[in-house]
Amino acid sequence: MDRDRKLDTDFIPLSLVGSESPGWDGEWRDGALADGFSRPIKNLRISVTDRCNFRCTYCMPEEGLTWLRRDQILSYEEIERLARIFTDVGVEEIRLTGGEPTVRADLPVLVEKLSRLPLNSLSLTTNGFRLKELCKDLVDAGLERINVSLDTPVAEKFVHITRRDALPQVLAGLEECEKYPQLRPIKVNAVAVRGFSEEDVLAFAELARNRPYVVRWIEFMPLDADGAWDRDDVLTGAEIKAIIETRYPLVPIADDRIQVAQRYAFADGAGEVGFINPVSEPFCATCDRIRLTADGHLRTCLFSTWETDLKTPLRSGASDEEIKQLIRSAVWRKEMKHHINDPGFQPASRSMSQIGG
Ligand code: SAM
Ligand code: SF4
């Protein structure tokens with residue numbers, strides 16, 4: 001189905017179609033955070049750093065990004081306060097990300113602080129490099145779910161895509177995760193790039209069949225700092241699914257929850273894979289996500305060209321209520337959809353590692 005059309009015709013009030021900024025009506029829904037298109041917003045991604053120990057080609061440049069200074073980055077206490085305010089207004093799920101979240105010192109300390117909040121889910125997205133040493137402390141601190149990014153199981157290709165020789169460390173990190181049943185199923189996320197990813201698809205499918213991993217492919221989005229994204233480089237989820245089905249038939253998994261991934265089980269029951277298809281099958285109509293950057297700016301879409309600064313008010317003595325109002329009015333203006341597939345697409349104001357993917 002063309003989900004963009006579904007968005008325009010089924011989901012958005014017709015009076016708002018074509019408008020990116022629905023008019024503010026001055027009314028908040030009781031106890032729930034919602035945007036101007038009536039989408040409930042429950043999912044917050046918090047970036048804890050813009051730095052990373054990898055340089056994935058689809059995300060960061062080899063060199064030349066300017067890092068945020070220490071004083072520009074929210075402290076763990078500041079993140080904790082903002083996270084509590086977000087849960088007060090309706091956020092139910094928090095995922096920590098970056099840059100690479102595990103390169104920030106004492107990450108388990110933050111996890112422990114956030115684990116005291118009334119959340120349905122506290123999770124982490126990581127490249128896995130430091131997981132062998134950190135996984136136990138993160139789980140002890142209250143981490144409930146983990147996504148490990150791994151784009152290829154082939155060592156030379158891993159060096160090519162991450163610009164780091166670190167596949168053994170990532171695999172060791174994944175094995176470490178297996179020791180903690182509370183983290184299962186461990187999600188393994190691979191960015192799919194045409195001409196690079198096809199030959200790894202069946203190996204990943206076998207990983208999903210033989211290990212407690214749900215492997216999910218993410219379509220390559222125009223969020224790379226090098227600005228080299230080209231539509232022709234997007235290997236779609238449908239194409240990957242077709243490759244898997246040359247050997248292993250798949251059956252869809254019904255799931256009523258808001259899911260960005262299309263979930264499939266192997267027909268013989270041996271495991272699960274998923275496809276996250278933001279380019280070929282946008283899921284904006286059900287998007288429930290917002291993001292907090294490491295420097296304390298609220299972003300309502302990966303592709304936002306504007307942000308709401310929460311750090312300055314936070315550091316200038318704003319009350320919780322004042323910050324809640326800032327959050328609610330920013331969320332109200334959440335973009336109807338991304339425009340990757342539209343003429344005149346305007347790139348996001350930051351690249352992926354600076355946003356917090
Ligand atoms: N460093 C951590 C990691 O790699 O998992 C967390 C941050 S990273 C920005 C979050 C996710 O975004 C990763 O799964 C990564 O593969 C994905 N990502 C980065 N750039 C992307 C792009 N241009 N298109 C699609 N996914 C991308
Ligand atoms: Fe670092 Fe993650 Fe971006 Fe790779 S995808 S460069 S690991 S932030």
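A polar contact is a pair of N or O atoms within 3.5 Å. In this predicted model, a polar backbone atom of Met221 and a nitrogen atom of ligand 1 are 2.9 Å apart, a separation that falls within the cut-off. In Gly99 a backbone N or O atom is 3.0 Å from a nitrogen atom of ligand 1. The protein covers 95% of the accessible area of ligand 1, which on its own amounts to 540 Å².

Around ligand 2 stand Cys52, Cys56 and Cys59, together with Phe54, Tyr58, Met60, Gly99 and Asn127. The shell of ligand 2 divides into 6 nonpolar and 2 polar residues, with no charged residue.

Helix H3 (residues 107-114) packs with helix H4 (residues 131-141) at an angle of about 20 degrees, and their axes are 8 Å apart. Because angles under 35 degrees count as roughly parallel, H3 is roughly parallel to H4. The crossing of these two helices, H3 and H4, is right-handed.

The second pair is helix H2 (residues 76-89) and helix H10 (residues 320-332), whose axes are 10 Å apart and which pack at an angle of about 65 degrees. H2 is therefore roughly perpendicular to H10, since that term applies to angles of 65 to 115 degrees. H2 and H10 also pass each other in a right-handed crossing.

Two backbone features in loops remain. The peptide bond that joins Arg184 and Pro185 is cis, with omega about 0 degrees. Pro185 is placed in the loop between helix H6 (167-177) and strand S5 (186-192). Ser38 is a residue other than glycine with a positive phi, near 65 degrees. The loop that holds Ser38 runs between helix H1 (3-11) and strand S1 (43-47).

Methods:
Residues numbered from 1 in each chain as written. Chains lettered and ligands numbered in written order. Predicted model: local features only at pLDDT ≥ 70, side-chain atom pairs only at ≥ 80, totals over all residues. Heavy atoms only, no water. Polar contact = N/O pair within 3.5 Å; in protein donor to acceptor, adjacent residues only side chain to side chain. Areas by Shrake-Rupley, 256 points an atom, 1.4 Å probe, with all protein chains shown as cover. Axes fitted to C-alpha atoms, helices over the stretch in contact; angles between N-to-C directions. Helix = DSSP H or I, 4+ residues; strand = E, 2+ residues; numbered from the N terminus. Parallel < 35°, antiparallel > 145°, perpendicular 65-115°, else oblique. Left-handed = near helix turned anticlockwise from the far one by under 90°. Near = heavy atom within 4 Å. Nonpolar A, V, L, I, M, F, W, Y, C, P; charged D, E, K, R; others polar.
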